[in-house]
Amino acid sequence: MRTASTSLRQRALRELVSQAHHPRGIVGRVVGWIFAHRHSNRRRNIWAVSLLDVRPTDRVLEIGFGPGIAIAELAARATRGHVFGVDHSLAMVRQATRRNAAAVRARRVRLTHASVERLPSFGEPLDAVLAVNSAGFWPDPVERLRELRRLLRPVGRIALVSQPRCPGATRDTTTRAAQELQDMLTQAGFVHLRVETLDLDPPAACVLADNPTGTPS
Ligand SMILES: C[S@@+](CC[C@H](N)C(=O)[O-])C[C@H]1O[C@@H](n2cnc3c(N)ncnc32)[C@H](O)[C@@H]1O
């Protein structure tokens with residue numbers, strides 16, 4: 001028999017997952033604050049950017065930037081390039097815009113309220129794409145990754161990060177999540193896949209891959 005406290009816990013968990021997927025309202029603002037200040041969140045974002053090998057003139061896109069920790073890191077590296085971001089949560093667009101106000105004003109960073117299913121135009125091809133704990137929420141992720149591949153220049157890079165946040169997640173959960181990301185990237189036509197792991201609890205996995213040199217199908 002389900003006790004009242006079990007069902008309360010399940011409701012709270014469902015609300016938390018829903019807010020991680022799409023932070024909204026007052027709770028969404030608090031969730032964004034936690035994303036921005038939780039030590040492991042900050043570390044995995046800073047680490048992910050360090051793996052992407054961003055050069056000063058790069059044009060980089062982050063999908064699902066949340067409160068904008070990785071956006072700030074990307075902007076610090078792409079000093080003569082451009083950083084784009086899309087997130088379907090208005091609360092996150094506002095937080096990330098405040099966090100990166102100077103770079104947004106200088107037009108080095110452009111943050112758009114949009115979903116990965118309806119990306120805006122970025123003009124010229126991109127050099128790199130990043131998504132941290134976001135791809136797991138995308139509808140039809142392989143199709144989304146194919147679309148992202150078309151936006152990348154040949155040999156452009158992609159990094160997808162997963163740090164599973166489900167209750168009881170372990171190193172095995174991370175390994176399985178990394179395998180899923182690798183399968184999706186392979187199906188979408190990316191090549192030269194490699195996996196890096198950051199020793200958090202549970203660990204974060206970053207799957208890096210390249211766009212092949214040929215014309216995307
Ligand atoms: C778990 S949060 C991670 C935020 C940030 N990347 C981090 O690591 O702190 C997932 C983010 O992805 C965004 N997101 C989820 N599905 C999306 C979609 N279909 N299109 C755009 N953004 C999406 C959410 O709004 C949220 O900001």
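In this predicted model, R108 is partly exposed, because 17 other C-beta atoms lie within 10 Å of its own, a count between the limits of 12 or fewer for exposed and 20 or more for buried. R108 sits in the loop between helix 6 (101–105) and strand 3. Leaving aside residues up to four places away in sequence, R108 touches A75, H82, V83 and A103. R24 is 84 residues from R108 along the chain, and the C-alpha atoms of the two are separated by 27 Å.

Seven strands make an open sheet with mixed pairing, in the order 3-2-1-4-5-7-6. Strand 3 (109–113) and strand 6 (191–198) are the edge strands; each has a single partner strand, so one side of each is left without a neighbour in the sheet. From one strand to the next the twist averages 15°.

Strands of a sheet pair through backbone hydrogen bonds, in either the parallel or the antiparallel sense. Two of the pairings are set out below.

| Strand pair | Sense | Bridges | A facing pair |
|---|---|---|---|
| Strand 2 (residues 82–87) and strand 3 | parallel | five | D87 and H113 |
| Strand 6 and strand 7 (residues 204–210) | antiparallel | six | E196 and C206 |

Strand 6 and strand 7 also form a hairpin, with five residues between them.

Helix 7 (residues 141–151) packs on the sheet, where it touches strand 4 (126–132) and strand 5 (152–162). The direction of helix 7 makes about 140° with that of strand 5.

**Helix 3**

Helix 3 (residues 39–51) has 13 residues, which at 1.5 Å a residue should span 18 Å; the end C-alpha atoms are 19 Å apart, so the two values agree. The expected figure is 1.5 Å times one less than the number of residues.

Which residues of helix 3 are buried? They are N41, R44, N45, A48 and V49. Viewed down the axis of helix 3, these buried residues fall within an arc of 130°, and therefore line one face of the helix. An α-helix has 3.6 residues a turn, so residues three or four places apart point the same way.

The cover over the buried residues of helix 3 includes helix 2 (25–37) and helix 4 (69–77), together with strand 4, strand 5, strand 6 and strand 7. Helix 3 is followed by D53, which has a positive phi, near 55°.

Methods. Residues are numbered from 1 along each chain as its sequence is written. This is a predicted model: local features need pLDDT of at least 70, side-chain atom pairs count only at pLDDT 80 or more; totals for chains, interfaces and linings use all residues. Two strands pair if DSSP finds at least two bridges between them. Helices (H or I, at least four residues) and strands (E, at least two) are DSSP runs, numbered from the N terminus. Axes are lines fitted to C-alpha atoms, for helices over the stretch in contact, and angles run from 0 to 180 degrees between N-to-C directions. Two residues are in contact if their C-beta atoms, placed from the backbone, lie within 7 Å. The arc is that of the directions from the helix axis to the C-beta atoms.
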